[in-house]
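Please keep the sequence and the model at hand while reading.

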Amino acid sequence: MKRLLFFPGHRILAYEWRAGAFRRIEAFEPDEEGREQFRQWLREAPRTPLQMLIDVIEEEFHIDHVPHVIGRERAHLYKRTARKHFRNSDYTYITCQGRERQGRRDDRVLVAGLTNPELLRVWLDILAEAQVPLKGIHSLPLVGEYLLPHLGAARSERVLVVSQQVPSTLRQSYYENGRLRFSRLVPGRYDGVAEYADFVHDELHQTLHFLENQRFRGHGRPVDTYVLADSDAHAALRERLASSAVVNCHLVSLTDLAASVGDRDEVSGPYADTIFAQLLLSRRRPANHYGLARLRHFFFVQRARVGLWALAAGAVLAAVAVAGGAWVRGQAYESGIVQAQAREARFEQLYEERLSQLDEFDYRAVDVKTAVDLMTEVDTGARQTPKPLMDTLGDILAEHPALTLERLQWTRADGIAEEGGRSSGLNTSANGVAGMGPVVEIGGHVSGFDGDYRRAISRFEGFVQTLRNADLGTVAVARAPFDLAPGSGVSGDSGTTASKQTNQSGEFALELRLTADDGEPADG
């Protein structure tokens with residue numbers, strides 16, 4: 001709900017705007033009884049901000065030109081300009097309406113003020129006494145600038161609006177390009193629609209003549225005139241206000257205009273006060289014309305109080321939000337703690353189960369090391385096979401046809417023979433050495449030497465040297481084919497002309513110790 005006080009210069013009227021409908025609720029006369037009733041109404045009314053709209057004869061408007069300045073200098077200059085036109089009144093308002101196009105390009109300003117503020121001060125004192133939050137004091141002709149778009153005259157260069165707010169006065173406001181330039185309130189009495197039409201006609205022509213003399217409009221250029229009146233008076237006004245070369249008259253129904261500005265309550269009668277009040281209250285931040293700071297003190301206090309309440313509410317909401325977020329996070333943490341504790345208990349149970357299973361075995365660290373070393377040796381031995389040795393030995397025997405291979409025994413590094421199931425006694429001392437490969441014992445004989453022992457020995461030594469050059473490992477001669485030492489019992493010539501053939505067989509035995517990386521994996 002919004003409240004408004006309308007002051008037409010004599011009594012004061014109270015309006016209420018509720019649910020889009022605007023209506024007059026009280027009227028207070030300027031006597032002692034009326035002022036007391038006004039005090040009582042203020043005490044019983046809600047403490048919502050209150051606005052005041054005035055339409056008085058004692059309001060004047062002047063057009064002036066001042067140098068174009070900005071900032072603090074502009075405020076001081078405007079204050080001096082207002083004081084120049086209204087020396088005995090603090091209720092003044094000044095607004096810039098553009099700049100001149102020539103010369104110094106000064107600011108063109110409208111200066112408005114009340115010449116007799118004592119009439120208004122009586123009611124303002126009561127408002128201050130009741131500590132009513134007064135939002136602002138607004139001039140009806142200046143509020144009329146908000147009416148032009150609803151009249152379809154927002155783009156008109158020159159507009160004259162004629163309206164009646166109370167029975168005894170007629171308001172005429174002149175606008176150029178949507179800005180107020182001049183306004184006059186004319187008192188008058190009439191009886192009936194015909195006299196009202198004559199009254200409007202006479203005052204309208206006086207105003208147009210004044211505007212022409214004051215050069216507000218060019219010679220011969222028409223002025224769009226809008227007369228706000230009840231539909232019952234349109235016929236008489238249309239007959240009396242026929243359009244001429246200097247004026248274009250438009251009759252506007254108050255009922256249609258009220259619906260256009262958004263008033264849901266039906267307007268009755270010839271008065272347009274509720275329409276201007278509707279325009280004022282529908283504005284979010286209307287300009288404050290005469291509301292001095294000292295008069296709006298309680299409005300500022302209330303706004304500060306509302307701001308503090310809003311700030312406190314925001315702080316409470318923020319605190320609740322933070323506390324709620326902390327509570328949600330705490331719940332999440334507690335849930336995580338419960339889950340972590342459950343996982344810890346499960347892992348401890350599994351650990352205890354595994355530990356109880358391990359406790360059933362009797363083992364020592366030395367046994368574990370021995371088992372690991374044994375498995376390492378087994379794995380190393382299992383990776384080596386006789387195939388690479390057999391391939392190489394076959395190639396070497398092909399190069400030495402005088403030597404015949406009769407026996408080959410493969411013994412792993414752990415001393416267990418691959419063939420025959422017995423260990424070779426030739427490598428007993430080295431079997432336990434880490435990194436050593438299998439031991440291969442090769443046996444055979446030398447043939448075709450026909451008693452020439454040196455040639456046989458030379459063939460044997462060539463065979464041994466070829467084995468060593470093959471880099472299979474360490475080659476040791478366990479038994480040579482012939483023993484040429486003294487007392488060995490060998491007889492005959494060393495050449496081919498020997499008188500007697502030897503019967504020695506030329507048997508030999510070799511021990512080949514392979515390196516650990518020889519051979520290939522048994523499983524590929």
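Rings of Phe, Tyr and Trp (its six-membered ring) pair if their centres lie within 6.5 Å; planes under 30 degrees apart count as stacked, over 60 as edge-to-face and the rest as tilted. The model is predicted: local features need pLDDT of at least 70, side-chain atom pairs count only at pLDDT 80 or more, and totals for chains, interfaces and linings use all residues. Residues are numbered from 1 along each chain as its sequence is written, and side-chain values use heavy atoms, with hydrogens and water left out.

**Aromatic rings**
- The ring rule gives a count of 11 aromatic pairs.
- Phe6 and Tyr15 form an edge-to-face pair, because their ring centres are 6.3 Å apart and their planes stand at 70°.
- Phe6 and Tyr15 are both buried (buried means under 20% relative accessible area, exposed over 50%, partly exposed in between, with a 1.4 Å probe and protein chains only).
- Phe28, Phe38, Trp41 and Trp123 are linked by ring pairs into a cluster.

**Helix α2**
- Helices (H or I, at least four residues) and strands (E, at least two) are DSSP runs, numbered from the N terminus.
- Helix α2 covers residues 72–85, 14 residues in number, and its first and last C-alpha are 21 Å apart, close to the 20 Å expected at 1.5 Å a residue (the expected span is 1.5 Å times one less than the number of residues).
- The buried residues of α2 are Leu77, Tyr78, Thr81 and Ala82.
- Viewed down the axis of α2, these residues fall within an arc of 135°, so they line one face of the helix (the arc is that of the directions from the helix axis to the C-beta atoms).
- An α-helix has 3.6 residues a turn, so residues three or four places apart point the same way.
- Against the buried residues of α2 pack β5 (59–66), β6 (92–99) and β7 (107–114) (contact means heavy atoms within 4.5 Å).
- Exposed Arg72, Glu73, Lys79 and Arg80 are carried on the face of α2 turned away from its buried side.

**Asp55**
- Asp55 lies in the loop between β4 (50–54) and β5.
- Asp55 is buried, at a relative accessible area of 1%.
- Beyond neighbours within four places in sequence, the contacts of Asp55 include Phe6, Phe7, Leu140 and Arg171.

**Cysteines**
- The structure has zero disulfides (a disulfide is a pair of cysteine sulfur atoms within 2.5 Å).
- Cys96 is partly exposed at a relative accessible area of 22%, while Cys249 counts as buried at 17% relative accessibility.
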